[in-house]
Amino acid sequence: MSEKIKIGIIICDRYRTCAGGKCFRSLRNREGAFSIYRGKEVEVVGFTTCGGCPGGNIEYAPEEMKKNGAQVIHLATGFVVGYPPCPYVTYFRDFIKEKFDLKVVVGTHPIPQKYYIIHKKLGTWDSPKWKELIKPTLTDEKTRLSYD
Ligand code: SF4
């Protein structure tokens with residue numbers, strides 16, 4: 001472990017009561033979108049929700065996280081697996097990059113298999129845009145099953 005990275009996590013407000021179990025487990029295991037931190041030390045300096053549609057907290061939360069040292073903001077996997085996925089996810093990603101000069105990663109824990117199956121049937125992620133957005137959290141079937 002050498003370089004220490006500070007991150008903030010923003011979750012979709014539909015999952016506001018979530019205690020972060022999957023996010024923290026996958027961070028510990030460096031799975032899903034957190035695989036980029038293998039061999040690195042990571043500290044979570046903020047955890048909050050988007051504030052509810054259309055995401056009013058996105059305007060403020062990253063600034064507070066940045067003051068606490070955040071270098072990367074993760075938009076949690078709920079943004080891509082919700083029914084429907086967040087319609088603003090790419091806007092939020094671009095806005096946070098532009099306004100706060102922070103790196104943004106879409107995703108946290110691996111996509112659970114039960115969400116993968118339904119979205120596959122619905123064709124939710126068939127477009128090139130969505131294929132790109134789910135890349136960090138798609139992982140493999142065995143890993144997805146372990147997050148069901
Ligand atoms: S769908 Fe998007 S804007 Fe709406 S609550 Fe979820 S993350 Fe926030």
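A residue is called buried here if 20 or more other C-beta atoms lie within 10 Å of its own, exposed if 12 or fewer do, and partly exposed in between, with C-beta atoms placed from the backbone. Helices (H or I, at least four residues) and strands (E, at least two) are DSSP runs, numbered from the N terminus.

What you have open is a predicted model, in which local features need pLDDT of at least 70, side-chain atom pairs count only at pLDDT 80 or more, and totals for chains, interfaces and linings use all residues. Residues are numbered from 1 along each chain as its sequence is written.

**Stop 1: helix 5**

Select residues 113-122, which form helix 5, and colour Y115, Y116 and H119, its buried residues. These three lie on the same side of helix 5 because they cover an arc of only 100° around the axis; the arc is that of the directions from the helix axis to the C-beta atoms. Now turn to the face pointing away from that buried side, where I117, I118, K120 and K121 are exposed.

What do the buried residues of helix 5 pack against? Show helix 3 (78-81) and helix 7 (141-146) to see their partners. Contact here means that the C-beta atoms of two residues, placed from the backbone, lie within 7 Å. Step on to G123, which follows helix 5 and has a positive phi, near 75°.

**Stop 2**

Next, select strand 1 (residues 4-11) together with strand 2 (41-49). Strand 1 and strand 2 are parallel and pair over eight bridges; two strands pair if DSSP finds at least two bridges between them. To follow the pairing, pick K6, whose bridge partner in strand 2 is E43, and then I10, which is partnered in strand 2 by T48.

Trace the chain from strand 1 through helix 1 to strand 2, and you follow a right-handed β-α-β crossover. Right-handed means that, with the strands pointing away from the viewer, the path from the first strand over the helix to the second runs clockwise.

**Stop 3**

Which residues of helix 1 are buried? Select K22, C23, S26 and L27. They sit on the same side of helix 1, since the arc they cover around the axis is only 130°. G21 and R28 are exposed on the other side of helix 1. The cover over the buried residues includes strand 1 and strand 2.

Just after helix 1 comes R30, with a positive phi of about 55°. Carry on to Y37, in the loop between helix 1 (21-29) and strand 2. Y37 is partly exposed because 16 other C-beta atoms lie within 10 Å. Leaving aside residues up to four places away in sequence, Y37 touches I5, R30 and V42. For a distance, pick the C-alpha atoms of Y37 and Q71: they are separated by 13 Å, and the two residues are 34 apart along the chain.

**Stop 4: around the ligand**

Select the ligand and show C12, D13, R14, C50, G52, C53, P54, G55, F79, G82, C86 and Y88, the residues around it.

**Stop 5: backbone details**

Most residues other than glycine have a negative phi, and most peptide bonds are trans. With that in mind, look at the cis peptide bond from C53 to P54, with omega near 5°; P54 lies in the loop between strand 2 and helix 2 (61-67). Another cis peptide bond joins Y83 and P84, with omega about 0°, and P84 lies in the loop between helix 3 and helix 4 (89-100).

Now select D101, a residue other than glycine with a positive phi near 55°, in the loop between helix 4 and strand 4 (103-106). Is D101 buried or exposed? It counts as exposed, because it has 9 C-beta neighbours inside 10 Å.

Finish at T139, in the loop between helix 6 (128-138) and helix 7. T139 is not a glycine, yet its phi is positive, about 45°. With 22 C-beta neighbours inside 10 Å, T139 counts as buried.

Definitions and conventions. A residue is near a molecule or strand if its C-beta atom, placed from the backbone, lies within 6 Å of it.
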